[in-house]
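Hello! Here is the structure I promised to pass on to you.

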Amino acid sequence: MNASRSPRRLLITTDAVGGVWSYTLDLARALSERKVEVELAILGPAAAPAQMASAAAIAGATVHDTALPLDWMTEDAATLESTAALLATLAWEREVDLVQVHTPALVGSSAWPAPVLAVAHSCVGTWWNAVRDTPLPEAFHARRDAMAAGLDAADGVVAPTHAFAAALRQVYGTRRDIAVVHNGRLASARSERARRGVLCAGRLWDEGKNIAFLDRVAGLTPSVPFQAAGPTQGANGAAVELRRMEMLGTLSETGMAEAMGAARIFASPALYEPFGLAVLEAAQAGLPLVLADIPTLRELWDGAAIFLLPHDESAWAATLDALHGDDAGCRLWGERAQRRACTYTVERLAAAMWDKYRLMIATSAADRVDVA
C-alpha cells in the first residue's frame with residue numbers, strides 16, 4: 001500500500017463523561033506518535049479543566065468543545081441530523097482525511113469530505129435489550145433508527161468485542177461487516193500498598209452497570225469493605241443511591257490508580273458492558289476480577305476472571321467474602337488478570353486502527369478514480 005494513503009489529519013468525536021474519553025485520548029496520543037494531527041470534537045457536557053489540559057497536551061491535537069448534544073441525550077431525529085451536519089461542516093473546514101465518530105448514530109445523511117469510520121462503543125438498542133425485558137419505548141426510536149441508518153451508511157464500522165458486534169447485528173438487523181478492534185489502555189504504575197476491600201468503578205448511575213445489586217451484596221458481607229468510584233448522577237437525569245458502599249466520587253486518573261492500588265478485588269456485576277475499560281485498568285493493576293457472566297466480559301477475560309451470574313446475590317457475597325480472605329487466591333487471579341491485560345494495549349489498538357484508516361482512505365481514493 002502506498003505511504004501516501006496514510007492519514008494526515010483526522011476528526012475524532014468523543015464525550016467527556018465516560019470511558020470513551022479515555023479511549024479517545026489514548027488513541028490520539030498514539031496517533032500523535034505517527035505524526036497524525038487529531039481534530040478532537042467533544043460533544044455533550046463540557047470537559048473538566050483537567051480533562052481539557054490532558055487533551056491539549058497531546059502533540060498535534062486541536063480540541064473543539066462543540067457543546068453539541070450526545071446521541072444518548074437526544075430524543076428527536078432532527079437534532080441528531082443537525083449534529084451530524086455540524087460535524088461534517090467541521091470536517092470540511094479542517095480538511096481532514098478521515099472522520100471517526102464515536103457512535104454510528106452521528107453519521108447522518110450529510111456529505112462528509114472524507115470516509116467515515118463509526119466506532120460503536122455502546123447504544124440504546126443493545127443497552128435496552130440487555131438491561132430491560134420490555135420493548136424499546138417510542139421516545140428512543142429516533143436514536144435506534146439513527147443508529148441503524150449509521151451502521152449501514154458509514155464507510156467502516158468497528159466494535160470493541162465480537163460479542164458486541166453480534167449484539168449490534170441482532171438488534172439492528174444489519175448484515176454489513178463489523179470489524180472488531182479490542183480497546184487498549186495505558187497502564188498506570190502498580191502500587192505495592194497493602195490491599196483491602198472490593199472496588200467497583202464506572203458510571204455508577206448507569207443501570208447497566210448493576211451497581212445497586214453490588215450495594216446489596218455489600219450488605220451481605222459486613223466484614224469486607226466495598227468502595228465505588230464514579231458519578232452517581234448522569235447528565236441524562238439518571239441516578240443511583242448506594243447505602244452500603246463507601247463512595248469515592250469521580251476520580252482523576254491518578255486517583256483511580258491509587259484506588260486500584262489500595263483495593264484487594266475488583267468487581268463488575270454489569271448487565272451491559274460492550275468492553276469495560278475500568279475492568280482492564282483493574283487487571284493492569286493486578287487485581288483479581290470477579291465479573292458478571294455476560295458474553296462481552298467472557299470473551300475478554302475467560303480463564304482470567306471469576307464469573308458469576310449477575311443476579312445471584314448469595315453467590316456474589318460468598319465468593320467475594322471467601323476470595324477476600326484468600327491471599328493465594330487473590331494472587332493467582334490477580335496474576336491471571338494482569339497477564340491477560342497485557343494483550344489489550346494501546347499499541348495494538350492504534351496499530352489496528354491505523355490499518356483500518358489506511359484501507360478506508362485508499363478505498364475512497366480508488367472509488368473517486370472509478371467515478372471520474
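The side chain of His102 makes a polar contact with the side chain of Thr13, at 2.7 Å. Please keep in mind that this is a predicted model.

The next residue along, Thr14, also takes part: its backbone nitrogen lies 3.5 Å from a polar atom of the His102 side chain. Where is His102 placed? You will find His102 in the loop between β4 (98-101) and β5 (116-119). His102 counts as buried, because its relative accessibility is 7% and buried means under 20%. Beyond its neighbours within four places in sequence, His102 is in contact with several residues, including Asp15, Val20, Leu43 and His121.

Now for the charged residues. Side chains of opposite charge can pair when their charged atoms come close. How many salt bridges does the structure hold? There are 18.

One to look up is Glu313 with Arg216, at 2.7 Å from N to O. Glu313 sits in helix α11 (residues 313-324) and Arg216 in helix α7 (residues 211-220), so this pair ties together parts that are 97 residues apart in sequence. Glu313 is partly exposed at 25% relative accessibility, and Arg216 is partly exposed at 37%.

Another salt bridge joins Arg203 to Asp206, with the closest N and O atoms 3.3 Å apart; here Asp206 is buried, with a relative accessible area of 8%. Asp293 and Arg298 also form a salt bridge, at 2.8 Å.

Finally, a network of salt bridges links Asp26, Arg29, Arg185, Glu253 and Glu281.

Happy exploring!

Technical notes: Residues numbered from 1 in each chain as written. Predicted model: local features only at pLDDT ≥ 70, side-chain atom pairs only at ≥ 80, totals over all residues. Heavy atoms only, no water. Helix = DSSP H or I, 4+ residues; strand = E, 2+ residues; numbered from the N terminus. Buried < 20%, exposed > 50% of the residue type's maximum accessible area, 1.4 Å probe, protein only. Polar contact = N/O pair within 3.5 Å; in protein donor to acceptor, adjacent residues only side chain to side chain. Contact = heavy atoms within 4.5 Å. Salt bridge = Lys/Arg side-chain N within 4 Å of Asp/Glu carboxyl O.
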